[in-house]
Structure formats: C-alpha cells, structure tokens
Protein chains: 2
Amino acid sequence: MAEVAAWFRGNSDMEKHFASLLRQSIDEVLDGQRTGRFDVKKLDKTEKTYLGTKVEIVARAAFGLGYGRAMDYDIAGHDVDAKFTSERTWTIPKEAMGHLCLVMSANDHRGRFEVGLIRIADNVLRAGYNQDKKRGISAQGRQAIHWLVSNGVLPANVLLSLRDEDRKAIFRASDGYRGGGNGGQLRINELFRRVAFHRTPEGPGGGRMVDRTTTLTVASQQDSPKRVRDARLPQHLGREGIIILGHQGRHPEIARNLGLPLPDKGSWVSARLASAAEGNADPVVQLDGRRYVLARESDVPAPAPAEY
Amino acid sequence: MAEVAAWFRGNSDMEKHFASLLRQSIDEVLDGQRTGRFDVKKLDKTEKTYLGTKVEIVARAAFGLGYGRAMDYDIAGHDVDAKFTSERTWTIPKEAMGHLCLVMSANDHRGRFEVGLIRIADNVLRAGYNQDKKRGISAQGRQAIHWLVSNGVLPANVLLSLRDEDRKAIFRASDGYRGGGNGGQLRINELFRRVAFHRTPEGPGGGRMVDRTTTLTVASQQDSPKRVRDARLPQHLGREGIIILGHQGRHPEIARNLGLPLPDKGSWVSARLASAAEGNADPVVQLDGRRYVLARESDVPAPAPAEY
C-alpha cells in the first residue's frame, strides 16, 4: 500500500487529476448535451452501474495506468482494483479479497469527493452480502482506508448549485418555441442573465463562472459555443447591459479590471454593466469609447457596448 | 404501429440517421481514445447493458423524440419503448406488455443493422424468462416485426475490418516507445501505411477510407488530428511516397484525379505515389511542379511531394 500511495503522491497535481476525472466521468454519463440532465439522481440504474466503469476507464487514461494481472490496474508493480461509489460505501466482489482497492467516491450535491487505498480483508467488510453477492466496506473498515484525498472539492456543477427558481427559469425560457436554434438561444440567454455578476455592497457578486458542460446541457445542441457568442448580440443580452467574457482577446483584462473571476478556456463569466457616472469610485473599464462599471441590481438596464 | 412507422418514414434520411446513431453509440461506449478498443466483444457486461441505454439516448436526440408516459418515447402521440441488442434477439420486460417497441440491433462484425416496430404480446415472446425476469422475442414473434430497416449497412469499423496482421502491426508500431507523442505518431503512421491506396490491375485499390474514431483509437491521445497532419511529414510517411488527403484545400481535387474515394470532413484517404514515367497512361496529378501517379505495390518507394 505504501508503494502504491507513494506512486500516486508522486503525480504532481494528483488531487486536481482526481477532481477533474470524476467531474468528467459524471458529466459524460449525464450526457447533458443530449439529455438536458445535470443531476446524477436522474441516472437510471444501468447508468449508475456504468458510472463506476467510466471512472475506472477515465482514471486509467488520466494517470496512464497499465492493466493488472487479476485486478483493473498495475500500479508500481502491484495489482489494484478500482471501485467507485456515489453512495455511502463501496461494494466489493469476492475476487478482490486480499487485493488493494483504489476507492473513489463523489457527491455532486455536496461538491466533494474522496480517494483512498484499502487492502480488502474480511475485517473491513460488512457481514451481509447484497443481491450481487458483494459486501460493503464497513464503518470500521473505513478506518483502515489510507486517504489520498479526504475532502476534495469537485469542480462545480453550476446547474445543480443554482436556486431552483433560476434553474426552472432557464429551462422554461424556450417553452413555446419549437425547432431551429431559437430554443437553445433563449435558454442560453436566460442562463447568462441569471448568473451575471453585478455590484453588491461587498464588491462584485451574485454571479457564477459557467463551464462548457453547463452550456452544452442548457443549449442541448451541437453548436453551443455559437449560442454563447450570439447571446452577446444587442437583440439578446446586449440591450440589457450584459456582457459575456471568455478567455480570449481583451476579455481577461476586462474581467480583471472589474474584479471578476478570470475565465479559463471553455469558461465564461457574464456581468451587467452600467455607464460610469461622474465621481463613481467603482472599478471602471473603457469599452467602445465609453466608461462602464458593474451595475447595481437596482440600476435600470442600459445597453452594453457593441464591441468588446 | 402504422402511425409510428409513418412518422419514422417521414424523416428524410431515416436509414442514414439510424446507421449513424448506432455507430455513434457503439463508438462512445468503446471509448477507443481512452481504451484503444474497437471490438464490442471487448466490452464488459456492464458496458453491454449500458450500450442499450446509450442507443435509447442517442436515438432520442437524433430524431428529437419526446418522453412517453409509461415508455421511453412519445412518437406521433403513442408510447414507444426502445430496445437494442447486439445479440440475436431483444429481451422484453413485463412493463412493455401491450406496448409498441422500437427494436434495433447492430452487428459490428458483419457491418449490418436492423430496425423495426413490434407490439409486445404473449405470442411474440419466448416462454422462458431470463435471470432478469425478461422474455426474448421468439423466432415466430420476429415474423410480426414491421421492418423500418431490414438489412442496413453500418458505417465501417475500420480496425475491425482489417486483416489481423495489419491490425497487430498498427498497435505494435509503438512497442518499446514510452511517453510523449511518439507512440501515437508511430501507430498513426502504420495505420495510414497499411490502408494506403495503390495501383492495382483493376485501378486504385487496396486502401481504406479512415474515419475520425479510428484515428482517435489508434493515437489514443487528445490531439489525434495533429498526429494525422504530422504523418504527412518527410520524416514520417512522406519519404515513402505516401500522401494523406482530407476534405480541405486541393485534397478533394487530388483524390478525384487519382480515382480515390472523396473524404468527408473528419475522414482521410492515404495513397502511395510514384513519379509518372513518360508514356504512363494512368491518371496523373501535378504536385509541387512534378507529375505523380498511384504507385504499384512493386514500385520502389520514392518521396512524396513536400506540399500538396
């Protein structure tokens, strides 16, 4: 166990790798682009079972692991089995008895994950068998886990974390529209409207960074990056003073000047702007020849700059 | 059944849609980019079960189907359940009794698929139950299927269709190489070497169109399009006279002039060229100021044009 643990700890960014491979696995099985789903609770039984296989595959690729002789992986010369759960504990088949297991779990609702190593033995398992003739790791057995990541932060599931009324408003934005790109555009507009940063007494607030998966799930169509670009147009969010910043061109500089989070590639932040009044002490950006600040919630919407 | 069948037949390119959604579903579950797999027989039990769910999801998205009241889909106002098999027959849960089923099957080894509609009743099912308490559609029941596609051609699985020795040569091309982009490059080189068109007595032959999934599976890394571009370089396939044509620039014209299949976006054909000798009556292309024809297998390899 010490050698396998040392191997994992020898990977720079080990925790980040686990966080990202668990996020990726969950997102792929949700398949939000096709299904509009963002909540693992909506997966059917077959999909929940498959999620464990997906995690095994994605972890193998992420860490470049070889196949074991009897178990899933060969790590530092040792056979190691992969086990994933989104429930309370891991269920262990009898073939794993005596072997090391890489146990991984993720709770997308709490935004947390954990990863550890355990050697399977009778005294770490519950007495009872489930219907698949597997035994869960017991509460006492959990004490024997060597933790690699004990309280990891899962990359945010934006849709899951929104207030119910915001989420409903986003998915209902296209009600009554049928076919064409319109429906996806209306939902994307509503998404960036609902997660736009504005000025609060404590500074920029009320907004959320939006990732690519979220736009795919909301747009539910092939060309969701185009839906994001089009949302900036005057006829969509532009007339409400809302800008959407990505990672290219002047966007990072604008985000930095306004005190907003900086979007990576495939991420966006939206913000509602207002013209900077004389003597306004807030951070200002100059766009299209005019000076803008973050709008307060109470500000009457005014058009955003046409170019930025 | 007539109304649901009519709805499907009202979709232009219905057969092409089914062919492509079945190919897509199989390829996604194989996950060749991460696993190097191209054969559904290598899927584990969990993945085979999940493949049915994936087909249900991809078909819903491909045809823009709504959810049924009790069954998977609402089609033309009727509840329709989706059933997929890569085996001989479909297994039907008792909830589907009395309902219409869209039955789909695909055999990637034979390159064929079928799609039909059947109303589930006692007399179309086998007497015995399987361990999941489901019953198979019987040989007699099969007679009751209304076929939408009875002998469809599945888009080719290039790796599955190659001779065993070619396939082995491709995957072994990187043996002994570790890390970096080198391994993937060597396998991609060997792929395009093995599927290159050349001149045969009957015209251009011996080659295969290569699709994107095949390059992802062979390269098993993120940037497989770059591996394809680099394979053209003199230090890789260029010095052997092998060119790789895509869908852009002069490539379609070159393919047409040489009598090769025309690659769509995300597809490639490779071909081995030789300098056109005086009086050669074969189709000729002028590249980089020189005249080339398809090489015969017996021709000594000579460098391909540097630019094309």
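This is a predicted model: local features need pLDDT of at least 70, side-chain atom pairs count only at pLDDT 80 or more; totals for chains, interfaces and linings use all residues.
Local features were considered at pLDDT of at least 70 and side-chain atom pairs at pLDDT 80 or more, whereas totals for chains, interfaces and linings use all residues. Residues are numbered from 1 along each chain as its sequence is written, chains are lettered from A in the order in which they are written, and side-chain values rest on heavy atoms, with hydrogens and water left out.

Chain A contains 11 helices and 15 strands, assigned as DSSP runs numbered from the N terminus (helices: H or I, at least four residues; strands: E, at least two). Along the principal axes, its C-alpha atoms occupy a box of roughly 75 × 40 × 30 Å. Of its 308 residues, 51% are buried (under 20% relative accessible area; exposed is over 50%, and partly exposed lies in between; 1.4 Å probe, protein chains only). The accessible surface amounts to about 15300 Å², with 46% belonging to carbon and sulfur atoms (Shrake-Rupley method, 1.4 Å probe; for residues, only the protein chains shown count as cover). Among contacts in chain A with a separation of 6 or more, 56% involve residues 24 or more positions apart, a contact being heavy atoms within 4.5 Å.

Chain A carries 46 positive and 38 negative charges, whose mean positions lie 2 Å apart. Lys and Arg count as positive and Asp and Glu as negative, while His and the chain ends are not counted; the charges are placed at NZ of Lys, CZ of Arg, CG of Asp or CD of Glu.

Over all chains, 47 salt bridges were found (a side-chain nitrogen of Lys or Arg within 4 Å of a carboxyl oxygen of Asp or Glu). One of them joins Glu28(A) to Lys54(A), with an N to O distance of 3.0 Å. This pair links distant parts of the chain, 26 residues apart: Glu28(A) belongs to helix α2 (residues 14-30) and Lys54(A) to helix α4 (residues 45-63). Glu28(A) is partly exposed at 24% relative accessibility, whereas Lys54(A) is buried at 4%.

A further salt bridge connects Arg296(A) and Asp299(A) at 3.2 Å, N to O. Here Arg296(A) is partly exposed, at 41% relative accessibility, and Asp299(A) is buried, at 17%.

In chain B, the side chains of Asp166(B) and Arg163(B) form a salt bridge of 3.1 Å, N to O. Asp166(B) is buried at 7% relative accessibility, while Arg163(B) is exposed at 51%. In chain A, salt bridges with shared partners join Arg163(A), Asp166(A), Glu190(A), Arg193(A), Arg194(A) and Glu240(A) into one network.
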